[in-house]
Amino acid sequence: MKKMVAAIATSIIIAGATVTTASAAEYKVEKGDTLWQIAQEYDTTVDELKEANDLKSTVIHPKQKLMINELYKVKKGDTLYGIGKENNVSVDDLMAWNGLESYVIVPGQTLELSGENQAQDASAPAEDKEQSSEAADEKAADNSSASESTTEENTAEAAETTQQNNEQPQGKTITVSSTAYTADCAGCSGVTATGVDLNANPNAKVIAVDPNVIPLGTKVYVEGYGYATAADTGGAIQGNKIDVYVPTKSEAYDWGRRTVDVTIVE
């Protein structure tokens, strides 16, 4: 597959306010492409591609153009201020695009580097806008030490949880590529292939599988996720791949894409 066709960065004036869009990749679909292949190529998920391009299904056609938001995986020692400076975006934008309520970020977390947000009124003096932006960035920088300290605590908690989750039961174990999905999205019915209503049961432990690999209804143990039921399918879930269900989009971003062991319990 070809890489990105073009990168765009625009600023549009609408009703006296500015809508800013950070750079995003544009991909031109080629014959034989699938959303799953494109998602793997750009380190994203099928659900994210569908949402970003307002797709109702996984069907795509040659020469069709897809927009792909840029993502950043947080490393140890990263701060929002540093990530924003490196990628030429503001801390406010990063927080808005990723639904963050604080400056705390943790290693392994995935952040979107593009999106749309309603900026200050265009009639406001440029100097005021610059001062506001600088104040936000300075505040983020001032909180970087506290953020890193909290990050270490969160990392320790995550490590403890991972250690507990790694205490797997006995059974046949296979290694799979995993992503995460949520029913909390526009146009999502929230009902799995086996009839589980995830909107009515947001804490359900469910995974989407290829029934030829893991039959529907199978009880499994997923590394880092816990006990779950194979209760859903997906067009992009083929072969040794699963989608783990999580209640919110932010949790899906946090899961990202990872290789995990799945133990067949029964």
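Student: Okay, Tyr225: buried or exposed?
Tutor: This is a predicted model, and in it Tyr225 has a relative accessibility of 8%. The cut-off for buried is under 20%, so Tyr225 counts as buried.
Student: And what about Trp255, buried or exposed?
Tutor: Trp255 is buried as well, at 9% relative accessibility.
Student: How are the rings of Tyr225 and Trp255 arranged?
Tutor: Their centres are 6.1 Å apart and the planes sit at 80 degrees. Edge-to-face needs an angle over 60, so that is what this pair is.
Student: Where in the chain do the two partners come from?
Tutor: From distant parts, 30 residues apart. Tyr225 is in the loop between strand E9 (219-222) and strand E10 (226-232), while Trp255 belongs to helix H7 (residues 249-255).
Student: Which residues lie over the faces of those rings?
Tutor: Over the face of Tyr225 you have Lys205, at 3.9 Å from the ring centre. For Trp255 there is Arg258, at 3.7 Å from the ring centre.
Student: How many aromatic pairs are there?
Tutor: The count is 3. One of them is Tyr221 with Tyr227, also edge-to-face, with 4.8 Å centre to centre and 75 degrees between the planes.
Student: Is Tyr221 buried or exposed?
Tutor: Buried, as its relative accessible area is 4%.
Student: What stands opposite Tyr221 in E12?
Tutor: Thr263 does. E9 and E12 run antiparallel, joined by 3 bridges.
Student: Which residue in E12 is the bridge partner of Thr173?
Tutor: Thr263 again. Strand E7 (residues 172-181) and strand E12 (residues 258-264) are antiparallel too, with 7 bridges between them.
Student: What do the strands close into?
Tutor: A barrel of 6 strands, in the order E7-E11-E8-E10-E9-E12, with mixed pairing. On average, neighbouring strands in this sheet are turned by 45 degrees against each other, ignoring direction.
Student: Switching to the largest nonpolar core: which residues touch the most other members?
Tutor: Ile207, Ile214, Val222, Tyr225, Ile242, Val244 and Val262, out of 26 residues in that core.
Tutor: E7, strand E8 (206-208), E9, E10, strand E11 (241-245), H7 and E12. E7 gives the most, with 4 residues.
Student: What is Val222 in contact with?
Tutor: Leaving aside neighbours within four places in sequence, Val222 is in contact with Ile207, Ile242, Val244, Val260, Asp261 and Val262.
Student: And which residues does the second core include?
Tutor: Tyr72, Val89, Trp97 and Leu111 are among them; that core is separate and has 14 residues.

Note on methods:
Residues numbered from 1 in each chain as written. Predicted model: local features only at pLDDT ≥ 70, side-chain atom pairs only at ≥ 80, totals over all residues. Heavy atoms only, no water. Phe/Tyr/Trp six-rings, centres within 6.5 Å; stacked < 30°, edge-to-face > 60°. Buried < 20%, exposed > 50% of the residue type's maximum accessible area, 1.4 Å probe, protein only. Helix = DSSP H or I, 4+ residues; strand = E, 2+ residues; numbered from the N terminus. Lys NZ or Arg CZ within 6 Å of the ring centre and 35° of its normal. Pairing = 2+ DSSP bridges. Axes fitted to C-alpha atoms, helices over the stretch in contact; angles between N-to-C directions. Core = buried A, V, L, I, M, F, W, Y, C linked by side-chain atoms within 4.5 Å. Contact = heavy atoms within 4.5 Å.
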